[in-house]
Amino acid sequence: MKTLLELQEQYYEEFKGLPSFNPIVRNNQPNDAFELAVLKVMYGKYLPEFTKEHAAEFSKYIIAPPDNAIDIFYQHDDGDESSFDVIQVKCAELSETELKDCIVKMERTIEDYCKNPSSIASSSCKEILSKSNLDKTNKKQCTYYVVHLGSQDDFAGSNENEKVITLKALDVIYKNKSVYVDKDVVNIDTSMTHDNIEAQRGAIVCSINGYDLATLCNTYYSMDAGRNLLFGSNLRESLITPSSKPFLAMSQTITDCPENFWYYNNGITIIARDIVKKSSHTVELNDFSIVNGAQTTSALGLFLKLAKNERDVGKIANLKKVSVLARLLKVPDEQMRQDIAIYNNTQTPITSRDIVANRKEQRYLNEWLLNDDYPQIYVEIRRGSQLPSTFNKGIVHRKTTNEELAQLVYASFLQKPHTAKDKKKALFNHDYTQSEYTINKIYHDVFNWVEEGSEDNGIIFKKTKQQIDELLFVQLLYKETKKVMKATLSERIEIARRQRELATSPEEIRSSENRISTNTLHL
């Protein structure tokens with residue numbers, strides 16, 4: 001696979017001077033083609049093949065120079081709702097100040113356009129924005145990105161909708177199509193090492209610096225996927241948040257006594273198809289994933305991100321004093337790798353739902369329902385996953401879990417509501433007595449996946465996205481109706497209680513108590 005800079009060179013030769021009416025890649029300006037490479041990586045799955053015949057199509061997203069500080073503008077549609085990606089691409093390494101300046105300029109352009117479109121000097125920028133649904137009522141739905149070649153991945157004071165994508169992070173999105181990270185080099189402390197990686201299966205027991213591990217963690221978070229690619233083979237995503245107890249505890253250790261982190265923490269486990277020693281202190285990991293220690297790794301990554309945002313050099317210095325115990329396992333066999341992922345996750349209880357998270361039918365379900373075809377539906381197949389940046393968070397009913405969706409499907413499409421309720425806890429349990437089924441019969445009926453259009457597919461893959469969307473919307477109506485009913489019954493109970501307190505006759509007391517009992521029964 002080409003590198004992104006090689007892709008830029010290829011696109012320059014193919015697209016220079018195109019489209020002829022307003023070139024997005026100007027002659028003698030090779031850097032212009034980097035915007036095409038970025039468009040390919042971030043949105044290529046939604047666009048036609050990247051050949052010069054489609055240059056006019058790409059000019060709907062790439063703003064030809066002069067560009068008013070915006071290089072790419074992409075609109076996501078979900079019914080009547082729209083959100084927008086506003087991107088500036090720099091084929092250079094930017095400093096923290098320069099990154100902030102890029103964001104400010106893009107925000108100013110959007111603000112100016114929403115106030116008065118005619119104030120935009122760039123005709124191509126004005127044309128692309130005018131053909132979108134952007135206006136002053138939805139400008140808050142913009143997410144701003146700066147793409148650059150440097151390593152600076154954040155800046156102090158950045159907001160949730162202000163993102164920085166480095167060349168390495170972009171390369172992660174471009175190259176990683178499986179659950180494993182393709183390749184990276186890791187520095188290790190070999191003072192306490194068990195090393196037998198020359199064997200077919202081997203291992204190194206070592207330490208990794210906390211700052212290095214935090215940087216690795218933040219590098220592989222994919223906004224497009226809504227998850228950390230470093231944990232691709234893990235059975236669940238990290239459940240770490242700034243207010244979670246594990247993060248607060250680890251954060252305190254890093255702040256107060258970073259040298260003790262190695263002693264307090266259980267460490268991490270990484271599996272790789274191959275491990276190559278580059279030097280006495282570095283190894284190259286190929287097709288690798290963290291299968292145990294996602295909480296630790298994510299906590300370090302979050303600590304670093306917050307410290308950078310606050311410009312707290314003391315915290316960053318402390319993080320560099322942290323060491324984390326690490327097992328690096330060389331395991332070429334795929335089944336063995338999956339078994340290791342299962343048996344290594346014991347600190348936080350593993351559920352049967354976690355164990356199926358990496359199965360092909362679950363990954364296909366997630367990708368199919370989340371693709372850009374309307375309606376876009378997010379199914380959480382892995383606990384702790386975050387909503388992808390492309391998902392419209394305003395439409396609440398289109399966010400569900402595979403467990404909840406399976407129950408709805410069984411109750412509605414298969415007309416078995418009692419089974420859906422009674423068998424919830426067993427839905428993902430592997431029944432080894434039923435060899436003809438995927439996992440078990442109930443799971444098989446819902447999720448079995450052979451190929452598109454197969455009669456052997458589970459019921460969910462025989463329905464359209466629109467039908468699934470309608471099902472989820474009916475569920476929302478049911479939930480909202482329950483809320484209204486609960487509020488109404490609670491109000492009636494309160495009124496009856498007040499009437500009972502004021503009652504003076506046995507009949508009035510009895511009547512009030514009957515109303516309380518009746519409404520409580522239905523509550």
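A polar contact, as the term is used in this note, is a pair of N or O atoms within 3.5 Å; within protein, one must be able to donate a hydrogen and the other to accept it. With that settled, here are some points on this predicted model.

1. **A polar contact at Ser-207.** The side chains of Ser-207 and Trp-262 are joined by a polar contact of 3.0 Å. Ser-207 belongs to strand E7, which covers residues 202-209. Is this serine buried or exposed? Its relative accessibility is 4%, and because buried means under 20%, Ser-207 counts as buried.

2. Six of its eight residues are buried, so the rest of the structure largely encloses E7. Its pairing is with strand E12 (residues 323-330), in the antiparallel sense and over eight bridges.

3. **Strand E11 and its burial.** How many of the residues of E11 are buried? The count is eleven of eleven for this strand, which takes in residues 282-292 and is described as mostly covered.

4. **The pairings of E11.** Strand E10 (residues 268-279) pairs with E11 over nine bridges, in the antiparallel sense. These two strands form a hairpin, with two residues between them. Within this pairing, Ile-270 has Ile-290 of E11 as its bridge partner. Strand E5 (residues 181-187) also runs antiparallel to E11, and six bridges join the two. Here you can look at Asn-187, which has Thr-282 in E11 as its bridge partner.

5. **H2 against H6.** Turning to helices, H2 (residues 33-43) packs on H6 (residues 167-175) at an angle of about 45°, and their axes are 9 Å apart. That angle makes H2 oblique to H6. The crossing is left-handed. On the H2 side, the residues that meet H6 are Phe-34, Val-38, Val-41 and Met-42. Their counterparts in H6 are Leu-167, Leu-170, Ile-173 and Tyr-174.

6. **H8 against H10.** Helix H8 (residues 245-256) and helix H10 (residues 294-310) have axes 10 Å apart and pack at an angle of about 60°. H8 is therefore oblique to H10. This crossing is right-handed. The H8 residues in the contact are Phe-247, Met-250, Ser-251, Ile-254 and Thr-255. They meet a set of H10 residues including Ala-299, Leu-302, Phe-303 and Leu-306.

7. **H7 against H10.** H10 has a further neighbour to look at. The axes of H7 (residues 210-219) and H10 come within 8 Å, crossing at roughly 90°. H7 is thus roughly perpendicular to H10. The contact draws on several residues of H7, among them Gly-210, Tyr-211, Leu-213, Ala-214 and Cys-217. From H10 it includes Thr-297, Ser-298, Gly-301, Leu-304 and Lys-308.

8. **Cys-217 in H7.** Cys-217 sits in helix H7. Why does Cys-217 count as buried? Its relative accessible area is 4%, and buried means under 20%. Leaving aside residues up to four places away in sequence, Cys-217 touches Asn-228, Leu-230, Phe-231, Thr-297, Ser-298 and Gly-301. For a sense of distance, Glu-455 is 238 residues from Cys-217 in sequence and 42 Å from it in space, C-alpha to C-alpha.

9. **Asp-212 in H7.** Asp-212 is also found in helix H7. With a relative accessible area of 30%, Asp-212 is partly exposed.

10. **The chain overall.** Stepping back, the chain contains 19 helices and 14 strands. Its C-alpha trace spans about 95 × 65 × 55 Å along the principal axes. Of its 523 residues, 48% count as buried. Looking at contacts between residues at least 6 apart in sequence, 64% join residues at least 24 apart.

Technical notes. Residues numbered from 1 in each chain as written. Predicted model: local features only at pLDDT ≥ 70, side-chain atom pairs only at ≥ 80, totals over all residues. Heavy atoms only, no water. Helix = DSSP H or I, 4+ residues; strand = E, 2+ residues; numbered from the N terminus. Buried < 20%, exposed > 50% of the residue type's maximum accessible area, 1.4 Å probe, protein only. Pairing = 2+ DSSP bridges. Axes fitted to C-alpha atoms, helices over the stretch in contact; angles between N-to-C directions. Parallel < 35°, antiparallel > 145°, perpendicular 65-115°, else oblique. Left-handed = near helix turned anticlockwise from the far one by under 90°. Contact = heavy atoms within 4.5 Å.
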